[in-house]
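Please look first at the sequence and the structure shown here. The paragraphs that follow lead through a pocket and then through the packing of helices.

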Amino acid sequence: MEFENISREIVQAFETGTISAAPETLFAIIIGAIFVNNVVLSQFLGICPFLGVSSKVETSLGMGMAVTFVMALSGVVTWCLQTYVLQPFGIEYMQTIAFILVIAALVQMVEIVLKKASPALYQALGIFLPLITTNCAVLGIAIIAVQKYPFDLLTGVIFSVATALGFALALVLFAGIRERLDVEDVPKAFKGTPIALIAAGLLAMAFMGFAGLV
């Protein structure tokens, strides 16, 4: 059964209150978020850092960890905000603005920690670190978790973390490919961005092979 069909059944179950977050359900969500519906390679969210920070594996790993941290915390805060503030007061139209403010605050916290704990990584990430605030992957998953898939808090956080791990996996794999391409004899016309885009397309096609996993 494809992940989309499982997702539809999960949503219906949560809406009717017929099931809780069973282990097999969580497993399907995790595998689907990391491999089947990878946020970058399948949903095409977060392309900016995917292309901009993927020149080195070490930098990509740092960005992946930062995004995972932000996405996990934003999953908790935005779910609580949606459930206990926006919906009860009937101000769901403020959702996007409220979520961006939450994500911006979390990114500021990550910036402060990285600047103190790892100045080298902070410098390597450069402008892409504050851009997490407007990273469509972080904002998109926060909205999807409360709209498309109305999970409970635990399942929503697991979904957010799994999606972030999928983002980190795609970033690190792509960085490894780009590092290898730097030492290969690539035709002059394809050097730089063209060969990187070709590699990204092939990587996305490879991830399509996971479509029958769950």
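The model is predicted. In the lining of the largest pocket, helix H8 gives the most, with three residues. The elements that give two or more residues to this lining are H8, residues 153-182, and helix H9, residues 193-207. The space in the largest pocket comes to about 150 Å³. Its lining consists of Ser 55, Arg 178, Leu 181, Asp 182, Glu 184, Val 186, Lys 191, Gly 192, Ile 195 and Ala 196. By class, these lining residues are four nonpolar, two polar and four charged.

The discussion now turns to helix packing. Two packed helices are described by the angle between their axes and by the distance between the axes.

Consider helix H4, residues 57-86, and helix H5, residues 95-117. Their axes lie 9 Å apart, and the two helices pack at an angle of about 145°. The crossing of H4 past H5 is right-handed. On the side of H4, the residues that make the contact include Ala 66, Phe 69, Val 70, Leu 73 and Val 77. On the side of H5, Ala 98, Phe 99, Val 102, Ile 103 and Leu 106 are among them. The contact of H4 with H5 holds 15 nonpolar residues, four polar residues and no charged ones.

H5 also packs against helix H7, residues 136-146, at an angle of about 125°, with the axes 10 Å apart. Because of this angle, H5 counts as oblique to H7. H5 passes H7 in a right-handed crossing. From H5, the contact is made by Gln 95, Thr 96, Phe 99, Ile 100 and Ile 103, and from H7 by Val 138, Leu 139, Ala 142, Ile 143 and Val 146. Eight of the residues in the contact of H5 with H7 are nonpolar and two are polar, while no charged residue takes part.

Which residues of H4 and H7 make the contact between these helices? H4 provides Val 67, Val 70, Met 71, Ser 74, Thr 78, Trp 79 and Gln 82, and H7 provides Ala 137, Val 138, Ile 141, Ala 142 and Val 146. These two helices pack at an angle of about 35°, and their axes are 9 Å apart. H4 passes H7 in a right-handed crossing. The residues of this contact divide into nine nonpolar, three polar and no charged.

Conventions: Residues are numbered from 1 along each chain as its sequence is written. This is a predicted model: local features need pLDDT of at least 70, side-chain atom pairs count only at pLDDT 80 or more; totals for chains, interfaces and linings use all residues. Side-chain values use heavy atoms; hydrogens and water are left out. On a 1 Å grid over the protein atoms alone, a cavity is a set of points where a 1.4 Å probe fits but cannot get out, and a pocket is an open set with protein on both sides within 12 Å along at least five of seven lines; lining residues have an atom within 4 Å of a point. Grid points are joined across faces, edges and corners, and a volume is the space filled by probe spheres set on the points. Helices (H or I, at least four residues) and strands (E, at least two) are DSSP runs, numbered from the N terminus. Ala, Val, Leu, Ile, Met, Phe, Trp, Tyr, Cys and Pro count as nonpolar, Asp, Glu, Lys and Arg as charged, and the others, Gly among them, as polar. Axes are lines fitted to C-alpha atoms, for helices over the stretch in contact, and angles run from 0 to 180 degrees between N-to-C directions. A crossing is left-handed if the near helix is turned anticlockwise from the far one by less than a right angle, and right-handed if clockwise. Contact means heavy atoms within 4.5 Å. Angles under 35 degrees count as roughly parallel, over 145 as roughly antiparallel, 65 to 115 as roughly perpendicular and the rest as oblique.
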